[in-house]
Amino acid sequence: MYPEAGERHNLPHFHGRYGGQRATFSIESGDVLASTLPRAQLRLVQAWVELHRNELEACWQLLVSGGSSNKIAPLK
């Protein structure tokens, strides 16, 4: 996770990438907010959110308070 210049963050979310495609996911629900990812990759990321939600929420809090987020284990 990283802050994006000029972007105002109200809804806790994160961005995922697969190849040249991107998606935005809600941290709270794992819902897809926007996406060009293939369905199989979307489902993998949603499962990953379930496993790492607490870490994602902690990273979000660090980012909105001006800090840097911690690394979270990627999909393997």
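Q: Before I look at details, what does the protein chain average in pLDDT?

A: Happy to start there. Where pLDDT is low, the predicted coordinates should not be read in detail. Here the protein chain averages a pLDDT of 86, and 88% of the residues score at least 70. Strand β3 (residues 32–35) has the highest confidence, at 94, while strand β1 (residues 13–18) has the lowest, at a mean of 90.

Q: How many bridges join β1 to strand β2?

A: There are 6, and the two strands run antiparallel. For one place to look, find Gly16, whose bridge partner in β2 is Ala23. The two strands form a hairpin with 2 residues between them, and Gly19 in the turn has a positive phi of about 60°.

Q: And how many bridges join β2 to β3?

A: This antiparallel pair has 3. Phe25 stands opposite Val32 in β3. Their hairpin has 5 residues between the strands, with Gly30 at a positive phi near 80°.

Q: Now side chains: which residue forms a salt bridge with Arg53?

A: The general idea is that side chains of opposite charge can pair when their charged atoms come close. In this model the partner is Glu50, with the closest N and O atoms 3.1 Å apart. The whole structure holds 1 salt bridge. Both residues sit in helix α1 (residues 39–64), 3 residues apart, about one turn of the helix.

Q: Is Glu50 buried or exposed?

A: Glu50 counts as exposed because its relative accessibility is 52%, over the 50% cut-off. Arg53, at 16%, counts as buried, being under 20%.

Note on methods
Residues numbered from 1 in each chain as written. Heavy atoms only, no water. pLDDT = per-residue confidence, 0-100. Helix = DSSP H or I, 4+ residues; strand = E, 2+ residues; numbered from the N terminus. Salt bridge = Lys/Arg side-chain N within 4 Å of Asp/Glu carboxyl O. Buried < 20%, exposed > 50% of the residue type's maximum accessible area, 1.4 Å probe, protein only. Pairing = 2+ DSSP bridges.
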